[in-house]
Amino acid sequence: MKLAVIGCGYWGPNLIRNFIQSNKVQELLCCDSDQKRLDRMKNLYPMVKVTSDYKELLQIPDLDAVAIATPAKTHHPIAKEFLSHGKHVFIEKPLTHSYETALELIQLAEEKQKILMVGHTFEYTAAVNKVKSIIESGELGKIFYIHSMRVNLGLFQPDINVVWDLAPHDISIILYLMGEVPVSVNSQGKAHFNRDIEDVATTTLNFNNGLIAFIHNSWLDPNKVRRTTIVGSRKMLVYDDIEPQEKIKIYDKGVDVPPYYDTYADFQYSYRYGDIYSPRIEDYEPLRKQCDHFIECIRKGRKPLTDGYAGLRVVSILEAANKSLKLSGRSIQIQGLKLMTKKQNKGGNGFLVAEGRR
Ligand SMILES: NC(=O)c1ccc[n+]([C@@H]2O[C@H](COP(=O)([O-])OP(=O)(O)OC[C@H]3O[C@@H](n4cnc5c(N)ncnc54)[C@H](O)[C@@H]3O)[C@@H](O)[C@H]2O)c1
């Protein structure tokens, strides 16, 4: 397979390293409009071909696919050109910067029968998949709420705010774990350095079944935190991605109320303080799994776990959250997404885009 990675800044080199290590990739090309970035790639990997103009890649007839790791607002125009030229496309999160552009790429990929995949990296981690299986086993009981915190100092982005930058991970994890899309979103935040670019925000996702999820994102925090807390009716779980060993801890803690009582005085909360355990999780690099999955989907014509629709669901929620941010946290309904059963979705991941948003 002949593949190109466009964007060799902070994140692109991670994709390049993983594609180079794949024995299914015979030739890799690197593209960046900044020559210094290309020189660095050439130093690291002398065998790769480089170009500073992605349009040159469009002229390579036997190029199979591209992976796009450029700033978010460039995803749509670049991807559109490659899909139109019949190439498979992987795009870093967020898929695009709007519902309409995401839908356009999905439709183009379907028309050209090409793979469109988005880099929701956390769906490929062993930890998130373990958490998913724990929730599905019923061990935590009914999920009351999720709290997801993704904060650190920087990196400030010039073109997108902290919600577009960091929340795609939290949102994709929550949707993947719960197999549900929210019905409405509220978001509040502040821009401290650049008038229009919020650097701290809290976003709330409200689901139909009573579940509520809180997301806290910041580029202005002294500590790097990547922690998701899931509180269920039976147990509680904390997934801390910074922990090197015990990333998941399950707490047999909870609150019980008497099933019936005669007077208010009889009503007593009883708190349960049970054991804490940390399940073993596999040790592998999620990006390697993600890159292998992209290649496998191309080779076998499979639907990616994180396909265009997965990208679009996250983009829709980000769009609604940003609308809410500008309206001081007003509730914004999520439109255009609906849940389908796995059967209806022919073995897919349970979601589909509903008609009628446009
Ligand atoms: N999956 C993850 O965990 C993860 C982590 C970080 C970033 N990302 C995503 O990766 C993407 C890139 O982020 P980054 O932090 O690496 O940004 P960056 O600014 O460090 O790098 C982007 C690179 O793209 C190049 N570029 C821009 N426009 C170009 C064009 N038209 N043609 C060729 N090259 C072009 C720039 O010169 C730069 O080198 C973003 O979508 C970001 O959200 C994903």
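## Strands, helices and rings

In strand S11, Gly232 is the bridge partner of Ile143. Welcome to a predicted model, in which local features need pLDDT of at least 70, side-chain atom pairs count only at pLDDT 80 or more, and totals for chains, interfaces and linings use all residues. Residues are numbered from 1 along each chain as its sequence is written, and side-chain values use heavy atoms, with hydrogens and water left out.

Strand S7 has two partners in the table below. Strands (E, at least two residues) and helices (H or I, at least four) are DSSP runs numbered from the N terminus, and two strands pair if DSSP finds at least two bridges between them.

| Pair | Sense | Bridges |
|---|---|---|
| S7 (residues 143-153) and S11 (residues 220-232) | antiparallel | nine |
| S7 and S10 (residues 212-218) | parallel | seven |

On the S10 side, His147 has Phe214 as its bridge partner.

Now to the helices. The axes of H4 (residues 72-84) and H5 (residues 99-112), lines fitted to C-alpha atoms over the stretch in contact, with angles from 0 to 180 degrees between N-to-C directions, come within 10 Å and cross at roughly 10°. H4 and H5 are therefore roughly parallel to each other, a label for angles under 35 degrees.

Finally, the rings. A charge sits over a ring if NZ of Lys or CZ of Arg is within 6 Å of the ring centre and within 35 degrees of the ring normal. Lys132 lies over the face of Tyr176, 4.7 Å from the ring centre, while the charged end of Arg150 is over the ring of Phe122, at 4.8 Å from its centre.

Conventions
Angles under 35 degrees count as roughly parallel, over 145 as roughly antiparallel, 65 to 115 as roughly perpendicular and the rest as oblique.
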